Amino acid sequence: MAEVSARTKQARELFAPLGPTYDRYASLLSFRQDPAWRRFLVSRVPPDARRVLDVASGTAAVAIELARAAPARTVTGVDQSTEMLAAGRARVAAAGLEPRIELLEARAESLPFGEAEFDALTFTYLLRYVDDARATMEELVRVVRPGGTVAMLEFGVPRGIWRPLWELYVRAVLPAAGYVIARPWGEVGRFLGPSIRDFYVEQPLDDLLALWRDTGLADVRAQRLSLGGGVVVWGVRT
């Protein structure tokens with residue numbers, strides 16, 4: 001397995017303490033938009049996708065939504081964080097979905113699955129934390145069968161008159177609100193703004209969509225949500 005990069009290690013350490021409170025405060029700090037974004041992401045996955053892989057599954061919020069959306073579906077969730085997976089397993093058990101959701105520790109860059117093993121794949125807030133987005137996308141696409149759906153949720157950067165308000169929020173309000181909750185949330189609040197902004201400087205959305213097409217996906221589409229604060233991208237493996 002490849003050595004964990006500094007970027008990946010930073011993300012792991014930053015989010016590790018947040019597992020038990022992640023879903024509650026992620027919703028609060030996103031003005032209740034994060035759950036709606038996840039629901040839209042899950043809606044991009046066809047109901048007949050029987051076996052779905054959820055990458056960067058964290059506390060299993062998306063995995064649970066995927067399972068609930070189709071009673072015959074089984075979901076495998078993977079994440080690099082032991083702490084987040086522990087919180088996810090508790091949520092899965094509380095939802096009574098243990099027979100249909102399995103959570104494993106693994107990295108998106110090196111998935112422990114065979115070629116074309118899944119009918120669909122979802123991932124959330126992932127590509128900002130990997131060193132090689134192209135290689136990671138190729139690995140994600142590898143495990144999806146031809147005709148299967150790949151769908152992503154990521155933060156976005158609003159355009160036009162909303163951009164200054166977004167900058168004010170991520171530069172000042174989000175870190176301050178995070179520190180009111182707890183120091184680890186304050187550190188995440190300080191980190192997120194530059195992380196999101198730098199990602200789209202390095203990889204503008206049009207370039208990201210081109211990358212999806214270059215790595216074996218067709219009919220690639222994107223939908224900005226909540227004035228551009230969130231973005232869902234989806235496509236079909238060729």
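Helices (H or I, at least four residues) and strands (E, at least two) are DSSP runs, numbered from the N terminus. Pro 71 sits in the loop between helix H4 (61–69) and strand S2 (74–79). The model is predicted, so local features need pLDDT of at least 70, side-chain atom pairs count only at pLDDT 80 or more, and totals for chains, interfaces and linings use all residues. Residues are numbered from 1 along each chain as its sequence is written, and side-chain values use heavy atoms, with hydrogens and water left out.

Start with the overall build. The protein chain has nine helices and seven strands. Of its 238 residues, 55% count as buried. Buried means under 20% relative accessible area, exposed over 50%, and partly exposed in between (1.4 Å probe, protein chains only). Pro 71 counts as exposed, because its relative accessibility is 71%. Its C-alpha lies 9.2 Å from that of Arg 50, a residue 21 positions away in sequence. Contacts here are heavy atoms within 4.5 Å. Among the contacts in the protein chain with a separation of 6 or more, 72% join residues 24 or more positions apart.

Now go inside. A nonpolar core is a set of buried Ala, Val, Leu, Ile, Met, Phe, Trp, Tyr and Cys residues joined through side-chain atoms within 4.5 Å. The largest one holds 72 residues. Val 55, Phe 123 and Trp 212 touch the most other members. Leaving aside residues up to four places away in sequence, the residues that Val 55 touches include Val 78, Ala 108, Leu 121, Phe 123 and Leu 140. In soluble globular proteins, nonpolar side chains tend to be buried together.

Helix H3 (residues 33–43) has a buried side. Its buried residues are Asp 34, Pro 35, Trp 37, Arg 38, Leu 41 and Val 42. Seen down the axis of H3, they fall within an arc of 160°, so they line one face of the helix. The arc is taken from the directions from the helix axis to the C-beta atoms.

Turn to the surface. The protein chain exposes about 10800 Å², and carbon and sulfur atoms supply 54% of that area. Accessible areas come from the Shrake-Rupley method with a 1.4 Å probe; for residues, only the protein chains shown count as cover. Ile 161, Trp 162, Leu 165 and Leu 227 form a nonpolar patch on the surface, with about 450 Å² of accessible area together. Patches take residues with over 30% relative accessible area and no salt bridge; like charges are joined within 9 Å, nonpolar side chains (Val, Leu, Ile, Met, Phe, Trp, Tyr) within 5 Å. Leu 227 lies in the loop between strand S6 (217–225) and strand S7 (230–237). With a relative accessible area of 55%, Leu 227 is exposed.

Finish with the charged pairs. A salt bridge is a side-chain nitrogen of Lys or Arg within 4 Å of a carboxyl oxygen of Asp or Glu. The count by this rule is 12. One of them pairs Arg 237 with Glu 115, with the closest N and O atoms 2.9 Å apart. This pair links strand S7 to the loop between strands S3 (101–105) and S4 (118–124), 122 residues apart. Arg 197 and Glu 167 form another salt bridge, at 2.7 Å between the closest N and O atoms. Both Arg 197 and Glu 167 are buried. Arg 163, Glu 167, Arg 171 and Arg 197 are linked in a network of salt bridges.
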